[in-house]
Amino acid sequence: MGLFGLFGSKEEREQGALRKLAKKLTERYGPPENRQKAIAQLGELGTPGALETLCLRFTVRVEPGITDDEEKETIRELLVDAGEPAAAAVEKFVTGNDDGIAWGLRVLAELSPGRVLPLVVRELRRLGSIYTRDPEKKLVLLKWLTEHHAGAGGAEVEGALLPLLEDFSDDVRISTTRALAALAPGEPARDALIQLLLRDRDNARVRGEVLEALAGIGADVKGHRPSVEALLVEPFFLDREGHVKKRV
């Protein structure tokens with residue numbers, strides 16, 4: 001048996017080393033020095049695999065919080081300093097993980113701002129087509145979209161969001177409603193929001209958010225006036241042309 005057959009190839013040895021470092025990096029209860037040494041080692045390696053492994057630290061929360069924040073900030077700095085190779089690693093991290101992606105989006109926004117919106121839209125489109133028990137990733141992506149890309153409407157963005165109006169989670173439907181209202185929506189979004197209002201007529205939280213969104217975008221309810229009018233609560237009303245309005 002040759003040398004590589006006994007000890008494995010260079011790539012296999014590197015993967016083994018990264019797995020060991022990842023275990024130390026994500027240990028919640030071990031001495032912080034172990035995590036911090038792993039962070040330093042991965043930063044020194046600087047390979048694509050090491051950069052991807054560094055991102056895993058974003059997926060766990062340790063105590064005390066100040067230590068957690070400091071370690072994650074150190075990783076953010078290492079990734080930003082690494083440049084383009086880190087951008088690819090972070091994008092892969094956001095796509096492949098459910099936890100810690102807010103940090104990943106923050107890093108990617110510093111490294112390559114133009115890649116963030118397409119990534120968020122792709123992930124929302126994917127998540128809107130599959131069942132996920134935990135809505136947290138959807139909520140993080142929707143919040144990012146709302147806070148950082150207001151006005152960035154268009155058919156592609158709307159197409160990614162509309163299926164989420166039928167999500168099983170109230171919070172996802174509400175966050176999607178807010179995102180659509182912030183993105184200068186078109187006619188398909190208006191129609192979808194009205195349908196959500198009618199479906200969730202007995203859900204006060206969702207109903208209030210949809211009315212707020214329809215009023216905010218100045219939507220009319222043509223074709224649905226009697227049904228919508230029956231669901232109006234103060235301070236919302238319809239004007240003569242059928243636009244949803246809010247008394248101030």
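At what angle do the axes of helix α3 and helix α4 cross? They cross at roughly 150°, and the two axes come within 8 Å. Keep in mind that this is a predicted model.

**How to read helix packing**

- Two packed helices are described with an angle between their axes and a distance between those axes.

**α3 with α4**

- Helix α3 covers residues 32–45, and helix α4 covers residues 48–55.
- With angles over 145° counted as roughly antiparallel, the crossing makes α3 roughly antiparallel to α4.
- If you look at the handedness, α3 and α4 cross in a left-handed way.
- On the α3 side, the contact uses Ile39, Leu42, Gly43 and Leu45, while α4 brings Ala50, Thr53 and Leu54.
- Sort those contact residues by class and you get five nonpolar, two polar and no charged.

**A closer look at Leu54**

- Leu54 belongs to helix α4.
- Is Leu54 buried or exposed? Leu54 is buried, and its relative accessible area is 0%.
- Leaving out residues up to four places away in sequence, Leu54 touches Leu25, Ile39, Leu42, Gly43, Ile75, Leu78 and Leu79.
- Leu54 and Ala17 lie 37 residues apart in sequence, and their C-alpha atoms are 13 Å apart in space.

**α9 with α11**

- Helix α9 (residues 136–148) and helix α11 (residues 170–182) have axes that come within 9 Å and cross at roughly 20°.
- That angle makes α9 roughly parallel to α11.
- This crossing is left-handed.
- From α9, the residues taking part are Lys138, Leu139, Leu142, Leu145 and Thr146. They meet Asp171, Val172, Ser175, Thr176, Arg178, Ala179 and Ala182 of α11.
- The class count for this contact is six nonpolar, three polar and three charged.

**α5 with α7**

- Helix α5 (residues 65–82) packs with helix α7 (residues 101–111) at an angle of about 30°, and their axes are 10 Å apart.
- The crossing of α5 and α7 is right-handed.
- Lys72, Glu73, Arg76, Leu79 and Val80 are the α5 residues here, and they meet Trp103, Arg106, Val107, Glu110 and Leu111 of α7.
- This contact splits into five nonpolar, no polar and five charged residues.

- Which residues of α7 are buried? They are Ile101, Trp103, Gly104, Leu105, Val107 and Leu108.
- These buried α7 residues pack against α5, α6 (84–96), α8 (116–127) and α9.
- The largest nonpolar core has 65 residues, and Leu79, Leu105 and Leu161 touch the most other members.
- Helix α12 (residues 187–199) gives the most to this core, with seven residues.
- Leu105 has contacts with Val94, Val116, Leu119, Val120, Val140, Leu141 and Trp144, again not counting residues up to four places away in sequence.

**Two cis peptide bonds**

- As a rule, most peptide bonds are trans.
- Going from Glu63 to Pro64, though, the peptide bond is cis, with omega near 0°.
- You'll find Pro64 in the loop between α4 and α5.
- Another cis peptide bond joins Glu234 and Pro235, where omega is about 10°.
- Pro235 sits in the loop between α14 (225–229) and β1 (236–238).

Notes:
Residues numbered from 1 in each chain as written. Predicted model: local features only at pLDDT ≥ 70, side-chain atom pairs only at ≥ 80, totals over all residues. Heavy atoms only, no water. Axes fitted to C-alpha atoms, helices over the stretch in contact; angles between N-to-C directions. Helix = DSSP H or I, 4+ residues; strand = E, 2+ residues; numbered from the N terminus. Parallel < 35°, antiparallel > 145°, perpendicular 65-115°, else oblique. Left-handed = near helix turned anticlockwise from the far one by under 90°. Contact = heavy atoms within 4.5 Å. Nonpolar A, V, L, I, M, F, W, Y, C, P; charged D, E, K, R; others polar. Core = buried A, V, L, I, M, F, W, Y, C linked by side-chain atoms within 4.5 Å. Buried < 20%, exposed > 50% of the residue type's maximum accessible area, 1.4 Å probe, protein only.
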